[in-house]
Amino acid sequence: MTQFKSQFVNLMVERGFYNQCTNESGFDEYLYECEKSGTPAVGYLGSDPTGDSLHVGHIVPLMMMRWFQKCGHKPLTLVGGATARIGDPSGKDKLRPFLSEETLAHNIEGLKKSFSKFLKFGDGKTDAVMVDNWDWFKDINYLAFLRDIGTYYSVNRMLTMDSVKSRLDREQPMSFLEFNYMLLQGYDFCELYQKYGCRAQIAGSDQWGNITSGTELGRRKYDVELFGFTSPIITDSNGKKMGKSEGNAVWINEEKLPSYDYYQYFRNIGDAEVGKCLRIYTDLPMDEIRRLEALKDKEINEAKKILAYEATKICRGIDEANAAQETAVKLFEQGSAGGELPSISVNGDISVLDAFLQIGFVASKGEARRLIKQGGLKLNDATVSDENYVIKATDYINGEVKLSQGKKKHGLLKSA
RNA sequence: GGAGGGGUGGCAGAGCGGUCAAAUGCAACGGACUGUAAAUCCGUCGACUUUCGUCUACGAUGGUUCGAAUCCAUCCCCCUCCA
């Protein structure tokens, strides 16, 4: 298992993070030299602030950076204040809507928060540093940019890039604005090289074209070899991208998704994904992972619990992980309500319909009625059969009524 | 600027004067089976209403008609080709 010299590359391969590298042996050699001499290599991970939080789909490169840092290297996290104003065409058919300045500022704050859950920021040698490409793009002069950078790009070559080609093949329009995206990302890489000596870019495989744009620019303009390292796109057994739960994205930031739900997302992962997810979403040592993924049938649930706990711990902290786990145990293994559940307070009696509507489990009374007909709503674990039922004082146990929708959605009704 | 095509429910995509709250597929949700899994099967999937039914919806606004997602007019937006 040690076909590579550097700790980092070996780790990546072993844990399933490795998809493609611009120069495998070169990168390995470079990192090995850095690791041996105790000089941190600098690598960056970019993300455009098109939303105000990252979601589990972004965790893969984040975890790579986390390992990168653990191996004694220095991570840079780049937020694309400038590139978000253009829109990355990779994997998209349509031009992105433009974002307002306020939205951008808000999103950047959200991203910083997401990043800081996985990486240690600060002033130390291997501490992560946040940069914004708006800083160097906002004052750039168009003619100067064309002359300094544009000369190194061949349109012939750009047209063969996947992000461009797929649009053209599908006869989807692509604006000149988007066409320029790869120049900007290429420029970013070189800028970080100049400023921080950054020679590595880590990202998802969809960024390959944009990464090579940077490595080629580096070679032509600065005569330096930059490295790109990508992860595979993580999919579930149905080939779908990871990251959706009940139709909603699984967000990293807690204000977008309660820790309990974050925990549950990993708890409910498919059997076939357990090993893969343990490698990617937790820091557990490989020996432990190999033991866990060997579990079969019912026992695999133990592995899922550990996965959920460990993943939550990294992203939400140990307290939140404990609380989420405790709630889950109470709810599923002991059948009582836990404290981490969503709750609402009411005065006096309330109809079941309104109760479920207010707690947000149903979007309308009609939906609540339908669920009752289908036997999908429960009060204190008893199926509701009468849609006109009114919850009264006698239904409260210790001042609470447990509301359940389906098997997994639970909440509490408290008397005010 | 010219010519043509189009805007329908979360998405994709039918419908082209009444039988349309709108086919079909995907996604989603509930139930059964299980292990808080997967697969499968059954059911649901605009709002209000116990049922009847009422209301709001097919880009926007007006109009024609007993009746419009469907026809007409104007406007807005998108796409393709030509200049």
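**View 1. Around RNA strand B, 32 residues gather, and the closest are Gln 264, Asn 268, Asp 271, Lys 298 and Arg 370.** A residue is near a molecule or strand here if one of its heavy atoms lies within 4 Å of it. This is a predicted model, in which local features need pLDDT of at least 70, side-chain atom pairs count only at pLDDT 80 or more, and totals for chains, interfaces and linings use all residues. To find your way, note that residues are numbered from 1 along each chain as its sequence is written, that chains are lettered from A and ligands numbered from 1 in the order in which they are written, and that side-chain values use heavy atoms, with hydrogens and water left out. By class, the surface near RNA strand B has 14 charged, 12 polar and 6 nonpolar residues. For these classes, Ala, Val, Leu, Ile, Met, Phe, Trp, Tyr, Cys and Pro count as nonpolar, Asp, Glu, Lys and Arg as charged, and the others, Gly among them, as polar.

View 2. Gly 366 takes part through its backbone, with a polar atom 2.9 Å from a phosphate oxygen. The elements that give two or more residues to the surface near RNA strand B are α12 (259–267), α15 (300–316), α16 (318–333) and α18 (365–373). Helices (H or I, at least four residues) and strands (E, at least two) are DSSP runs, numbered from the N terminus. The largest share, 5 residues, comes from α18. Which parts of the RNA do the atoms of RNA strand B within 4 Å of the protein belong to? Sugar or phosphate accounts for 70% of these atoms, and bases for the rest.

**View 3. Strand β3 (residues 74–79) sits largely enclosed by the rest of the structure, because 6 of its 6 residues are buried.** Buried means under 20% relative accessible area, exposed over 50%, and partly exposed in between (1.4 Å probe, protein chains only). Lys 74, Leu 76 and Leu 78 are buried on one side of β3, and Pro 75, Thr 77 and Val 79 are buried on the other. Next to β3 runs its parallel partner β2 (residues 42–47), joined to it by 6 bridges. Two strands pair if DSSP finds at least two bridges between them. Look for Val 42, which stands opposite Lys 74 in β3.

**View 4. An open sheet of 5 strands has the order β9-β15-β14-β11-β12, with mixed pairing.** Its edge strands, β9 (343–346) and β12 (382–383), each pair on one side only. At one end of the order, β11 (residues 377–379) runs antiparallel to β12, and 2 bridges join them. Leu 379 has Ala 382 in β12 as its bridge partner.

**View 5. The lining of the largest cavity includes Tyr 152, Ser 154, Met 158, Glu 216 and Arg 220.** By class, this lining has 6 nonpolar, 2 polar and 3 charged residues. Helix α11 (208–222) and helix α7 (155–160) each supply at least two of its residues, and α11 gives the most, with 4 residues.

**View 6. Chain A as a whole has 18 helices and 15 strands.** Its C-alpha atoms fill a box of roughly 80 × 45 × 40 Å, taken along the principal axes. Of the 416 residues of chain A, 49% count as buried.

Conventions
A polar contact is a pair of N or O atoms within 3.5 Å; within protein, one must be able to donate a hydrogen and the other to accept it, and residues adjacent in sequence count only if both atoms are side-chain atoms. On a 1 Å grid over the protein atoms alone, a cavity is a set of points where a 1.4 Å probe fits but cannot get out, and a pocket is an open set with protein on both sides within 12 Å along at least five of seven lines; lining residues have an atom within 4 Å of a point.
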